[in-house]
Amino acid sequence: MFIGEYTFKVDSKGRVSIPALFRRELEEGDPERPNKDRPRMVIVYGADTQKMLQIYTQAAFEALAADIAALPRGSKQRTILQRMVLSKSHPTEVDPDGRLVLPAALRTKIGLDKEAYFSGVGETFEIWNPETFAAADEANIDQWIEEQGEDFDPLSLLSQG
């Protein structure tokens, strides 16, 4: 499971260190990798409005692709997911120094320049421009918590299943 938050520098070639705990998860999520030292992953960059990159382990992405393939052929859901997920994905691997090389087009898409903010969100992790993440997170969470009331305990959501 990917958890935690980290900020790392991005060099001029788009290389950024991957948090050590995330590298371990990537290794576990790619047990059949051809190169033992370089686990594979898939970057999903999604719709033009998506302001972050979502990173899947090889196994998690294969499971996601299988879920999409299981939808009825020609269905609107399958077509949309094929275009928003499968077409807008970039397979890559950890480099020998434990870094991720982000293509210029993906850095430009999310406004990534000198720093990358990593957010572990369970099965995947996200990469954001730190300022974009802070603004989006504050706007979404603060508004939602305010709607719940002053004494709201977020963990109470677990008992509402």
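Where is tryptophan 144 found? Tryptophan 144 is in helix 5, and that helix is my topic today. Please keep in mind, everyone, that this is a predicted model.

Asparagine 129 sits in the loop that runs between strand 8, residues 124–128, and helix 5, residues 130–148. Is asparagine 129 buried or exposed? Its relative accessible area is 12%, under the 20% cut-off, so asparagine 129 counts as buried. Setting aside neighbours within four places in sequence, asparagine 129 is in contact with Ile110, Gly111 and Leu112.

Now look at what its side chain does. At the start of helix 5, a side-chain oxygen of asparagine 129 comes to within 2.8 Å of the backbone nitrogen of glutamate 131.

Helix 5 has 19 residues, and at 1.5 Å a residue they should span 27 Å. The end C-alpha atoms are 27 Å apart, so the two values agree. After the helix comes glycine 149, which has a positive phi, near 105°.

Back to our tryptophan, then. With a relative accessible area of 34%, tryptophan 144 is partly exposed. What kind of patch do Ile141, Trp144, Ile145 and Leu157 form on the surface? Those four make a nonpolar patch, and together they have about 320 Å² of accessible area. As a reminder, an α-helix has 3.6 residues a turn, so residues three or four places apart point the same way. Thanks, folks!

Note on methods: Residues are numbered from 1 along each chain as its sequence is written. This is a predicted model: local features need pLDDT of at least 70, side-chain atom pairs count only at pLDDT 80 or more; totals for chains, interfaces and linings use all residues. Side-chain values use heavy atoms; hydrogens and water are left out. Helices (H or I, at least four residues) and strands (E, at least two) are DSSP runs, numbered from the N terminus. Buried means under 20% relative accessible area, exposed over 50%, partly exposed in between (1.4 Å probe, protein chains only). Contact means heavy atoms within 4.5 Å. The expected span of a helix is 1.5 Å times one less than its number of residues. A polar contact is a pair of N or O atoms within 3.5 Å; within protein, one must be able to donate a hydrogen and the other to accept it, and residues adjacent in sequence count only if both atoms are side-chain atoms. Patches are made of residues with over 30% relative accessible area and no salt bridge: like charges are joined within 9 Å, nonpolar side chains (Val, Leu, Ile, Met, Phe, Trp, Tyr) within 5 Å. Accessible areas come from the Shrake-Rupley method with a 1.4 Å probe; for residues, only the protein chains shown count as cover. A salt bridge is a side-chain nitrogen of Lys or Arg within 4 Å of a carboxyl oxygen of Asp or Glu.
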